[in-house]
Amino acid sequence: MSKVMGERPKALLDVPLHYCPGCTHGIVHRLVAEVIDELGIEGKTVGVASVGCSVFTYNYFGCDMVQAPHGRAPAVATGVKRARPEDVVFTYQGDGDLAAIGMGETVHAAARGENIVAIFINNAIYGMTGGQMAPTTLPGQVTQTTPYGRDTSVAGNPIRVCELLSSVKGVALAQRVTVDCVKNVKAAKKAIKKAFEYQMAGKGYCIIEVVSTCPTNWGMSPAEALQWLRDNMLPYYPLGVYKDVGEEEAKE
C-alpha cells in the first residue's frame, strides 16, 4: 500500500469516481497508481483507456492517457510503445473490450510480444451497456440477453483469457488475481507491479486479469456480489500464474 496508510497515491487524481457502489474498478485503479508511484514512473507512463465502464479512466490517473476506439487499446498501446519505447505503457480493459471486439487485437499483440501491460477486468458481464452477456459470462448465468441463463449449446463456452494467452509465445506474464479481500488485494498489487517491472526489463506482453464484481448488473448488493464471485467465478476462473517467463528463466 502507500507509504502512509490511507494516503491517496500521487498518480491517482483527487476526483470522484463514476463507478457504481461496490464496483472493484476503484480498487484496481488505486493499485495501478500505487505501483506507478513506487516505481517512480508517472512522468513516463502512458495509459490507454478502453471503451466500457472504464471509458473515463483517463480522468483518474495523473500520467498521460490516450482514449482508444472500442477493442483497439492493444493497437493504440503498440503504436505508443513503438514510438516511445522508453515509456511504460498499459491498457485498462474490460471483458467486452478485450475478449470480444478486441480479442483479435489482444491475441496478435501478445503473439508479437508487444512490450505492454494489459490490466483486464473480468466481471462476466457487459457493465456500461446494461448487463448483456459477455465472452466471460458463466454457463447458466442470467444476463439481459440470457434471461434463462447462458446456454453453452447456443452461445458457446466462456473464454478463459489467461489460459488462452499462456500458450502464446510472446507473453511474458499471464496472471489471474482478484480484490475481494485484503490478502487478495495485496497479491493483485504484487502481480501488477511485476507486470510493470517486466515491461521495464523488456520481457514482452503482460496481462493481469482481475476477477471482479458488477453489483448493479448482477442485481446484488456489494457484499452479495463479492460472495457470488467467490462461489461462482473463482471456481471457473481459478486464481494463479498461468505463464511467467521470469520463473521459467530462473529454472534454466
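I began with helix α7, which lies across β3 (88-94), β4 (117-122), β5, β6 (205-211) and β7 and runs at about 165° to β5. Contact here means heavy atoms within 4.5 Å. Axes are lines fitted to C-alpha atoms, for helices over the stretch in contact, and angles run from 0 to 180 degrees between N-to-C directions. Helices (H or I, at least four residues) and strands (E, at least two) are DSSP runs, numbered from the N terminus.

Next I looked up helix α9 (residues 222-236), which packs on the sheet and touches β4, β5 and β6. Its direction makes about 140° with that of β6.

A note on the model: it is predicted, so I kept in mind that local features need pLDDT of at least 70 and side-chain atom pairs count only at pLDDT 80 or more, while totals for chains, interfaces and linings use all residues. Residues are numbered from 1 along each chain as its sequence is written, and side-chain values use heavy atoms, leaving out hydrogens and water.

**The sheet**

I followed 7 strands through an open sheet with mixed pairing, in the order β2-β1-β3-β4-β6-β5-β7. Two strands pair if DSSP finds at least two bridges between them. At the edges I found β2 (64-67) and β7 (240-244), each with a single partner strand, so one side of each has no neighbour in the sheet. From one strand to the next, the twist averages 15°.

How many bridges join β5 to β7? I found 4, with β5 (residues 171-178) and β7 running antiparallel. Gln175 stands opposite Val241 in β7.

**Helix against helix**

I turned to α1 (residues 25-39) and α7 (residues 182-200), whose axes come within 9 Å and cross at roughly 50°. The two are therefore oblique to each other (under 35 degrees is roughly parallel, over 145 roughly antiparallel, 65 to 115 roughly perpendicular, and the rest oblique). Among the residues that meet are Ile27, Leu31 and Val32 in α1, and Val185, Ala188 and Ile192 in α7.

I also checked α2 (residues 73-83) and α4 (residues 103-111), whose axes come within 8 Å and cross at roughly 35°. Pro74, Ala75 and Thr78 of α2 make this contact with Glu105, Thr106 and Ala109 of α4.

**Aromatic pairs**

I found 6 aromatic pairs in the structure. Rings of Phe, Tyr and Trp (its six-membered ring) pair if their centres lie within 6.5 Å; planes under 30 degrees apart count as stacked, over 60 as edge-to-face and the rest as tilted. Phe61 and Phe90 are edge-to-face, 5.8 Å centre to centre with 75° between the planes. Phe61 lies in the loop between β1 (45-49) and β2 and Phe90 in strand β3, so this pair ties together parts 29 residues apart in sequence.
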